[in-house]
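Dear colleague,

Please find below the structure for your records.

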Amino acid sequence: MAEVVTLAGSLSARSRSTAVLGYVREQLAARDVAVRHIALQGLPAEDVLYARADATPIRDAIRQIELADALVVATPIYKAAYSGALKAFLDLLPQRILERKVVLPIATGGSPHHLLAIDYALKPVLSALGAQHVLSGVYLLDAHIQLGEDGRADFEPLSLARLDASLDALAAALPLARAALA
């Protein structure tokens with residue numbers, strides 16, 4: 001069975017990017033994909049900020065990524081870049097950790113002007129970590145994601161269609177990733 005790790009790059013448990021990952025996990029589970037989740041707000045801040053890669057929670061998170069066939073990373077966009085918390089965590093990862101993995105970047109933001117933040121800010125870092133198969137990123141406007149009282153995301157139809165298409169691409173790429181890891 002294919003395994004995907006979702007990585008929430010927001011420090012808020014009730015962020016739109018975190019809610020998007022909730023939807024992603026539901027959709028992947030419905031496709032018989034095993035999903036593990038890493039929430040940056042659940043990691044000890046001092047371990048991340050002081051680059052304590054040997055701390056047990058950090059080692060455990062790194063191990064989850066190492067064992068996965070794919071990584072879905074979601075981040076809010078602040079000032080045309082992904083979150084600083086995500087940057088601090090990515091800096092702790094081994095240099096080639098994303099080699100032979102499928103990576104799907106997702107970003108949420110308040111303005112369409114930050115649409116290229118995935119391509120110009122996040123993808124280069126993912127490539128530096130060895131990612132060779134980075135799927136087309138999905139940028140979702142905050143205004144197109146409504147959060148319910150339960151923290152679940154409700155999407156504007158065109159945004160949902162783009163997100164679903166990216167999940168179809170991820171699901172199609174998973175067998176190739178499993179073969180590459182074998």
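Thr-75 is buried, with a relative accessible area of 0%; buried means under 20% relative accessible area, exposed over 50%, and partly exposed in between (1.4 Å probe, protein chains only). The model is predicted, so local features need pLDDT of at least 70 and side-chain atom pairs count only at pLDDT 80 or more, while totals for chains, interfaces and linings use all residues. Residues are numbered from 1 along each chain as its sequence is written, and side-chain values use heavy atoms, with hydrogens and water left out.

Thr-75 belongs to strand β3 (residues 70-78); helices (H or I, at least four residues) and strands (E, at least two) are DSSP runs, numbered from the N terminus. Its side chain reaches the backbone nitrogen of Ser-83 at 3.1 Å. Beyond four places in sequence, the residues in contact with Thr-75 include Gly-9, Ser-17, Tyr-82 and Leu-122, where contact means heavy atoms within 4.5 Å.

Ser-10 sits in the loop between β1 (3-8) and α1 (16-30) and is also buried, at 3% relative accessibility. A polar atom of the Ser-10 side chain lies 3.0 Å from the backbone nitrogen of Ser-12. Ser-17 is among the residues in contact with Ser-10.

Ala-51 lies in the loop between α2 (45-49) and α3 (56-67). Arg-100 is found between α4 (84-90) and β5 (102-109), also in a loop, and is partly exposed at 44% relative accessibility.

Yours sincerely

Note on methods. A polar contact is a pair of N or O atoms within 3.5 Å; within protein, one must be able to donate a hydrogen and the other to accept it, and residues adjacent in sequence count only if both atoms are side-chain atoms.
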